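I opened the notebook to record what I looked up in this structure. The entries follow the order in which I went through them.

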Amino acid sequence: MLWLRGESVDNSVGKPVSNKFVNLIKLSVGTESIDQLAAWQDHRASLAPDGLYYHQTRLWPKREPEIINGGSIYWVIKGEISARQRIIRLDEKIGADGIRRCGIVLDPKVIPTVAALKRPFQGWRYLNPEDAPADLPEGRSQEQALPMELNRALADIGVL
């Protein structure tokens, strides 16, 4: 690796690679569990030509270089950030209506995270790495949750 102005250059590709990345966060509407999310994505991936699941969205992220430089999509399930998946690439998808959309192509591995409350929102949002919950250790598919009332009270005072 060569270092130029705070960025590295991958000699095998010849493209600048920055340490900066950003994540996305998205509600998984109607999903009850991480297992259900993974099963639904596996089914959809089996229908895709390359065998990879993509989440289609109407808007194209303006921070594409930061997203594909190591970003993940964090899934909110039933009001809590519960899991993440690494974003592989963004593909252009043209609908039957001729409108350009973004296909966020995801790594098949769904990684459970420490549960973190998240209020409802529409669409997707950017999530800075320092604001993202940590991954659960390997072998722990979920964390023992705090009682919902305590969890919400801690979130209200800014502890969670």
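I looked for charged side chains over aromatic rings in this predicted model. Lys93 lies over the face of Tyr54, 4.0 Å from the ring centre. I also found Arg100 over the face of Trp60, at 4.1 Å from the ring centre.

Next I turned to rings that pair with each other. I noted two aromatic pairs in the structure. Trp40 and Tyr53 have ring centres 5.6 Å apart and planes at 70°, so I wrote this pair down as edge-to-face, a label that needs over 60 degrees. Where do Trp40 and Tyr53 lie? I found Trp40 in helix α1 (residues 34-47) and Tyr53 in the loop between α1 and β5 (54-57), so the pair ties together parts 13 residues apart in sequence. Then I checked the cover of each residue. Trp40 is partly exposed, with 43% relative accessibility, whereas Tyr53 is buried, with 7%.

The other entry on pairs concerns Trp124 and Tyr126. Their ring centres are 5.2 Å apart and the planes stand at 75°, so this pair is edge-to-face. I have Trp124 as buried because its relative accessibility is 14%, under the 20% cut-off. Tyr126, at 30%, counts as partly exposed.

Last, I looked at the whole protein chain. I noted three helices and 10 strands, in the order β-β-β-β-α-β-α-β-β-β-β-β-α along the sequence. Of the 160 residues, 34% count as buried. The accessible surface comes to about 10400 Å², and carbon and sulfur atoms hold 53% of that surface. Among contacts with a separation of 6 or more, 65% join residues 24 or more positions apart.

Key:
Residues are numbered from 1 along each chain as its sequence is written. This is a predicted model: local features need pLDDT of at least 70, side-chain atom pairs count only at pLDDT 80 or more; totals for chains, interfaces and linings use all residues. Side-chain values use heavy atoms; hydrogens and water are left out. Helices (H or I, at least four residues) and strands (E, at least two) are DSSP runs, numbered from the N terminus. Buried means under 20% relative accessible area, exposed over 50%, partly exposed in between (1.4 Å probe, protein chains only). Contact means heavy atoms within 4.5 Å. Accessible areas come from the Shrake-Rupley method with a 1.4 Å probe; for residues, only the protein chains shown count as cover. Rings of Phe, Tyr and Trp (its six-membered ring) pair if their centres lie within 6.5 Å; planes under 30 degrees apart count as stacked, over 60 as edge-to-face and the rest as tilted. A charge sits over a ring if NZ of Lys or CZ of Arg is within 6 Å of the ring centre and within 35 degrees of the ring normal.
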